[in-house]
Amino acid sequence: MSSEGSGQEPALMSCQSFEQDGVLYKCGDHVELRNPAAVNQPYVARIKEIHRQGKSVSVLVQWYYRSTDVLPQHVRSLPEVIEQEIFETLHQDVNDRESIIGKCAVHRVRKIPSFFIVSKFEARG
């Protein structure tokens, strides 16, 4: 029995992928997301889950931080940070698909003991 026309909200469903602006996104993809505070410095995250509710699509993402996003007491314990270096975190939250700018590539370059995985990212044109 369908919820359409019954006044009920459509059920939240997990899905494998979605398409936006001709680009197919799936779990595991690295993406850039809009940063309202700094348009030229988007957020970087990895898609963990994709959920569809009616026509609305949201994504659960795991964030990467730049050294400028890391607390000062932790930055001191880092070796010299290279350009475009980001840090994998355990921080996750849900965002609307409209916040995604596009895909990007994240490359693991080293691991810092008792800290995050350190990665380098590049935007895909």
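User: Is Tyr 25 buried or exposed?
Analyst: This is a predicted model, in which local features need pLDDT of at least 70, side-chain atom pairs count only at pLDDT 80 or more, and totals for chains, interfaces and linings use all residues. Residues are numbered from 1 along each chain as its sequence is written, and side-chain values use heavy atoms, with hydrogens and water left out. Buried means under 20% relative accessible area, exposed over 50%, and partly exposed in between (1.4 Å probe, protein chains only). Tyr 25 has a relative accessible area of 2%, so the residue is buried.

User: How many aromatic pairs does the structure hold, and why does the pair of Phe 18 and Tyr 25 count as stacked or tilted?
Analyst: Rings of Phe, Tyr and Trp (its six-membered ring) pair if their centres lie within 6.5 Å; planes under 30 degrees apart count as stacked, over 60 as edge-to-face and the rest as tilted. The structure holds 2 aromatic pairs. The centres of the Phe 18 and Tyr 25 rings are 5.2 Å apart and their planes are at 20°, so this pair is stacked.

User: What is the angle between the planes of Tyr 43 and Trp 63?
Analyst: Tyr 43 and Trp 63 form an aromatic pair with 5.6 Å centre to centre. The pair is edge-to-face, and the angle between the planes is 75°.
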